[in-house]
Every structure is written in C-alpha cells, then in structure tokens.
Amino acid sequence: MKFKNRHIGNSNTDTTAMLGAIGYSNLDQLCEDALPKNISYQLPPFPDMSETEYDDFLNALGKKNRPNVSLIGQGFYPNHCPAVIRRNILENPSWYTQYTPYQAEISQGRLEALFNFQTIVAELTKLPVANASLLDEGNACSEAIFMAYQANDSTGSTCFIDEGISDNNLRVIQTRFKYLNVEIEVGKMATFTPSEKYFSVVVPQFSWDGKANNPDELFLNAKQHNITCIMTTDLLALTLFTPPGELHADIAVGSAQRLGTAMGNGGPSAGFIACDTGFTRLMPGRIIGLSIDKYGNQGYRMALQTREQHIRRERATSNICTAQSLLAIINSFYVVYHGPHHLKQMATTIHHKASYLANAFKNCGFKVSHDHFFDTVTVQVPHATECTKKALAKGIEWFQKEGTITIALNECVTSEDMMTILDACGCHSTDSIQAISIPRALRRHSTYLNQAVFNKYHSETSLLRYIKSLEHKDMSLTHAMIPLGSCTMKLNATTQLQCLSNPNFTQIHPQSNDTFKEGYRFALNELSDHLSKITGFDDTSLQPNSGAQGEFLGLLCIRDYFASIGEGHRNIAFVPTSAHGTNPASASLCGLTIVSIKTTATGDICMDDLTEKIKMFGESLAVLMITYPSTFGVFESSIEDVCDAIHAVGAQVYMDGANMNAQVGLTSPASIGADVCHLNLHKTFCIPHGGGGPGVGPVCVKSHLAPFLPKHSDNAIANAPDGSASICLISYAYIKLMGSEGLKIATQQAILNANYIANKLAPHYEILYANKNGCVAHELIINCKPFKKTAKVTVEDIAKRLMDYGFHAPTMSWPVPDTLMIEPTESENKQEIDRFCSALIQIKIEIDAIASGTYDAQNNPLKNAPHTAFDIFSDWSFPYPQSLGLFPAGQSNGKFWPSVNRINNAHGDRNLICSCQNIVTQSNLELYESKNA
C-alpha cells in the first residue's frame, strides 16, 4: 500500500460518501468551488517512496554522516539519554502528539513534567521564577535582554556583553536587536564601568573558552545604576558552582541540551530562563503554575496568559508562541532519574577529567589559558592545526581558534579518549592528577533539588511507572482527533520519526566539519529545494526554529532589502485585525510600526480600509502581513487585488504559512502574489507538536530577498546554522513518502473533511464564514455567542463538555470571540469525524435544554464539565443522571478520563506558584509523608 493511503484517513468509499453528502462527485470539483479560479499552481512532479524504500534510503543517507567524539562544546554536548526516557517519551506518540496544554484538565501529565523542569531551573540557578523553556540559548539571551529593556525606566539604551560570550549567542543577539533602539556593546568585563548609559549587562558564567567568571562585584556595582544583570550558565555545572542568583544576577539563561537531548546537528533542544520575581510579568513564553480545581484539588495550568500574543499583540512580552516542550520534558525526566547526587557526581567526574587534561598539558610545557573552569580547557599548543588534523584522523573533533585548541568534555568521554587527545597533541605525560579547579568563592554551598520528585524515581521500574502515570493523564492523537483550528494536528507517522533515534543523525555537532555530515547536507538541501518548489519561491532557509522566528526572519529580510536599495525609511506594517498575535508581535520586534487593517463581515480584508491606509502610509509602507486562506477559514477571492495594491506603492507582501495545509499542490504563496512566507513544518509537514514544541519555521523568498537569508548574510536566528536540523528530517520524510501527487490529495482531503463537518453541523450551529459557493477551506468557525444569551453557556463550557465525550476542544475564541474554530486535517477518517460531529450536536441539544429550563442555568452538564472519576465516588448531587454526566456518548469502554475537574484559572494567577519549592505535589505525597512520619 502506498504511504499516502496510510497517511490519509479516508478510504475511497468514505471519500465518495462524504463528497456525495455535500453535493460533489469528486475532489477536483470541490476544490474548484473552494479556491478562486486565478491562483492555481501546478506542483512540479516528483515520485513517492514506499516506507520500505524510505527506510533503506534513510539508512544509506545516515551512513554518509560520520559521528565523531565531539569535544567542540560551544553549547552542544554529547550525552546519554537513558533508554527508559528515550523509549517512553521521545519515541512515544502519547507524548509527542500532544498539543500545547491550553486545556489543563486533559494535560496534567505534561504540565507536571514542565513544572518539574521549571523547578530544576529555579533550584539550580537560585532564581525563583522560571518558564517552561525557550527555543535555544541564543534566543534565551535575546529574550533576557528584551526583558531588561522593557523593565528599563532610565535613559540607558546600551547592553554591555562580555567578550567571553559564545559567538553563537552573540550573532543571535545582534540580529534580534538590529532594528530596535538598542546598542550592543561587546568588551572585557574587567574594564566595564557601569553608568546611566547602560540598561543591562550580560556576563557568561563560563566563557566560550571555558573560563569560569565571577561577576559578583560587577553585578553589585551595576545594580547601583539600575542595570539589569544577566548571566549565561550551565545547569550541570551549577551542581558545583555558585548559582547566578547568589552572584546577584537578575536573570539567568542557557541551554538544557546536555541533560538528555541529542545534538542533532543543532537541535532541537530547550533553552531556559529564570529571573527574580520583579520580572515575572515580562517573562516570555509559557509559565506553568499550580492552581486548584473546583473541589480544591491541586492542578496545573498555564499561568499569566494575558502576557501572550493573542491578548497583547504588538505589546506582548515576546513573539515566542511555543518553544521546546518535548525537549524540556525529556530534560526534566533526565534530572528526576539521576537525582541531585548523581548529577553532582557526573559533573564532578567531567570536571576531574578537564582538570586532568589541564595538568597534563601544563606538564608537557603547554600554556593553559585559564586556571578556573568547569568542563572546558583551552590550551595554546605549537602547530594547533596539525594537532587538530591528527585528532580528526583518530575520530576526535574539538574547537580550534587561531593558535589555541579548546576541548569541551562531557559525560560520554572515556579514558581512552583522554589518551587520544593528549597523543594528538604530542603530549605523553601520565603523571597528571585530577584536581578541583574551582576557587572557594565560586563553589556552590547551597542545597538544591531536595523535593521528593527528584529523590524518588531512581530505579527504572519506579521511573517507568512515574512516566506512565503522567502519560495517562494527557489526551493526545493516540486517543482521538484534536480538531484545533490553525494548528493542523495531523498524523506524525512512525516511519518519519525514525531519524530521531538514529545515531548517525543524532550524534552530529552543528559545527562539525561538513565532510562529516554529508547525509545531512544532502537531505537539508533537497528539503529546501522541495519547499521552494511547493511555495513557488526561489530560495529557502531552514534555520528558524519556530513559526514566530520564521515571521521575524521574513520581516528582517524585507527591512534589509529596503535598506539595501535606499528605502530604509519604510517602517510601517499593515496587519489585519484577524491576524495571529505573533504577526504584530514579530513586526514590532523588527522595529515596524503596526497599522491595523479591518476585515469585512465575510472575513475578507476590507479593500476600502486598505485603500485608505495605503493613501495615508504608502510611502512609508514596508509590508502587508496576510494569512492565506484567511484565519477565518476561507480563500479570499480578492487576494490578488490586495497584493497588487501593496506592490503598486513599492511595498512587500508577507504570507503567514499557518494555513499552508490548504494550499499544497493546489496553489502557492507565490501564485497569490506574496514575496516571502514562513511555513510551519510542525503543522503542514508533520513534525509533532510535542505538547508545545519543537517546531520549525522555514522562510521561503523571492530572489530579491534571498541575499538576506542567514546562509547568505549575518542574520542569525538560531544557535545552529541549520536550526533544528534533526527534526527537519521528519518533514523531508513526509515529502519523500507522499510524492507530489500525494501532497495534493492530502490537501484536497483536508478541504473535504472541513466542508463535510460544516455541512453536518450547519443545521445546529451557525457557520460564520464561507465563500460565494458556500465552501470553507480546510477549517471552519462555528458561532457560539448566542448561547451566552439563551443559556448562559460559554465556549469554555462547550470545550470542557467535549472532554466528557472524549475530545480535545477546537480553538476557542480566535480569531473571533465566542467561537470554535475546527480543523480536522486529512488524517482523520469519516468514522472519527462523525463521532466528533455527533458530540457537538448532542452538546447543542444539552444547550437547548438549558435554554428551555430543563436544566438549571448554573447546575448542568456543561457548567459542571469535565466530569471525572472523582465524581463517581462523590455524592452525586447534580440534577441530571450520573450516566449523562460521565458517559454522555455511552462510551463506557475506553473512555478518556480527565484527571482533575475544572481548573480555577483566577486562583492560579492570584497565587502564582511556578516551581515545587516549599510545596509537595500529589505525586510526591507518599515519600513526603514517609520522611516526616
């Protein structure tokens, strides 16, 4: 069977039946009515592969890579991910097919794991507030500086950065602030003089060459001038070294990659950030908080969401929407499994090996650059280039810069590796000693990770049960369709994910010599070429490691282009009021002024308002940001006129690729008139959502914008040249397996499924938007606003009631308040879609019963939803049968049970707890009671 038939949910029989139900005889006929006539695009043909053929192809490709003993460091380290974590998290669809945990009641497992991650970061840094991950270390540095910038109440506009910061981080920072009123000054920490000129100072706790820094006095002086103090650090090192919070840092950032996640030629891996409480509401990304449910039982939720883009738009704390949830979850279980004692033991072993090397080099007469370090030794050796060549010949890579070599050790380095290192440098001393190279002032004395969760699950049996206990609390695609509009929760096929467990791909350092990663180079080049052809553009960058970063890079290319032709004054961005919140947030970070464009009652861009705004701002207009099909789920027929009007005044059109799943093989961004777009490989091209990341946001451009992509310029968006390279292979597999014809059919099936749902729900719910032919695109919006008046029922009530029926809710109240946006994707079959529609129809009957007075307006199946197993054993006092509350669809077998009742969001924000300091979670209660009996 062809892979496309595995990926697409409907059989030919189901497809025919669904087409007949909505009045069509074939998919082409439906799509002709759904899309405007003048934007069609023929995808250049390429063949598909069978799963067996792709398996052989991938293995052959992997053999073109050469994993070496990597001692390059610079933020990326080999490590051992315990098999129990790799098998049961990374390779487990119950974890990797989850969505961002907006629906807390069916997300308690990953919320607890992310809460543990935040606790780990807060404990090791000794800063009280941490978030649930950022995209990488460079992104975390940039976000920390932006936090300081937003908190700045002085006239200072300069950020001082110590020259010891890694080049990877510095390049990302410089790109981030290119068009903001921030000056980046790089210099020596020792010569920095605090003054009102500065709003922040960034110091690495460990410089790129390994030097351990002590900025304590500098930070104290800086704070006297109201300067925010930021420190980059290493979580494993903090088991031995004084934590940033005790060195008077306000914010600490870094990468958690070495805690159980692979290098993967650059990613993905979780960045982290922690801060003092005064910066809490400026914290970017997700913060997991502890709250209670309606019965007072503990429950987790995403806290302080009013900071985020869908609320604050261009005034948001960041453009980051989701980050690296799955990787942070792996990191959290890695620490839970090892516990504080073994982590410290591991760090001590690594440090001893580094000290051994340093002393051996000294005994050989070489100069070691620094006396104090954690895992990295820089040494000046004669003929450094020759030594590097000898090491490469023996399968060892390190970092060479001018006349020095820098060797970064890790938990995987063996005694044999140590001898090979010394031999490559012509150093044969064997009388070196393992000494501690940490001065007393930098040694850690405070305790950490004393909570029960980090001291309980150290056997594989206990950890496996803990993992499974959390897994069973969360709904994923293994349970049911997740019909979130604009999220494209489609199949993440097992075949596509095999690359994540293949050491020929996972054990490659992003700065490894190109001759050692020819397999990667071939795959990434071909993927870029495919994406360019799919979009109709000329060039593609895979570097952005999220959709929001793709938006930022696309806009950056536009700004750079205008600067290059003498039109740098163009600083206006038109953003429709219906746009995703990351659009105005990204534009704002690119130094653009946002001008909103109205939309019509039919969901189209208002041409009258656009024309008026063009007259007002045309000479300063840089870009119009659009989503196509629109966020209302309709292909706008006037899209070419819109793009022509923008181009007529010399501006550019940026297309958000959130809805690309309705375009592939039928039309393209270039066909509608766009100049640049970003894609979401974690939507259209099958990278799993992972409970809130990872993602990849490639940018595709016309030729005039290509010179400003990262591979042709100094615009760095991520720490690694190829971004999250390892998961790009998932999308590569999807495209190779589907072929051009399969991709087109997948798009057609997605459009069919959405129109079938619209037709089935129309007698019960108002379908807000459709084109002149009555068609939606790949998603639809149903109006729930009337129910607030007739029955006092909100979209949240409907969302929680859907849990009782075994479903995750569609997207709530976006882009239109009091609505549900439904996207079924092509991977769901007629049976599952019918089950979902039946649930919504039954809920509408329940709403009508409330409106008629059959059910009490405040005590009914919707207001009390979700119903849990807790309700089975409580005194059932609700004025409706227990069977209706608990088993509304009669699904007594295989029912998914929410693990908590409805979470009290307001309580969680009023009483913010985002780490398990001084609290005991329910999972840890047993051990806590035994220790305190």
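A residue is called buried here when its relative accessible area is under 20%. By that cut-off, 65% of the 933 residues in the protein are buried. Keep in mind as we go that the model you are looking at is predicted.

Let's start with the overall form. The C-alpha trace spans about 85 × 75 × 60 Å along its principal axes. The secondary structure comes to 30 helices and 25 strands. As for how the chain meets itself, take the contacts with a separation of 6 or more: 78% of them join residues 24 or more positions apart.

Now let's zoom in on one pair of helices. Two packed helices are described by the angle between their axes and the distance between the axes. Helix α4 covers residues 51–62 and helix α23 covers residues 725–761; they pack at an angle of about 140 degrees, and their axes lie 10 Å apart. Angles over 145 degrees would count as roughly antiparallel and 65 to 115 as roughly perpendicular, so α4 and α23 are oblique to each other. The crossing of α4 past α23 is right-handed.

Which residues make the contact? From α4 come Glu51, Tyr54, Phe57 and Leu61, while α23 supplies Leu729, Tyr732, Ala733, Lys736 and Leu737.

Conventions. Residues are numbered from 1 along each chain as its sequence is written. This is a predicted model: local features need pLDDT of at least 70, side-chain atom pairs count only at pLDDT 80 or more; totals for chains, interfaces and linings use all residues. Side-chain values use heavy atoms; hydrogens and water are left out. Axes are lines fitted to C-alpha atoms, for helices over the stretch in contact, and angles run from 0 to 180 degrees between N-to-C directions. Helices (H or I, at least four residues) and strands (E, at least two) are DSSP runs, numbered from the N terminus. Angles under 35 degrees count as roughly parallel, over 145 as roughly antiparallel, 65 to 115 as roughly perpendicular and the rest as oblique. A crossing is left-handed if the near helix is turned anticlockwise from the far one by less than a right angle, and right-handed if clockwise. Contact means heavy atoms within 4.5 Å. Buried means under 20% relative accessible area, exposed over 50%, partly exposed in between (1.4 Å probe, protein chains only).
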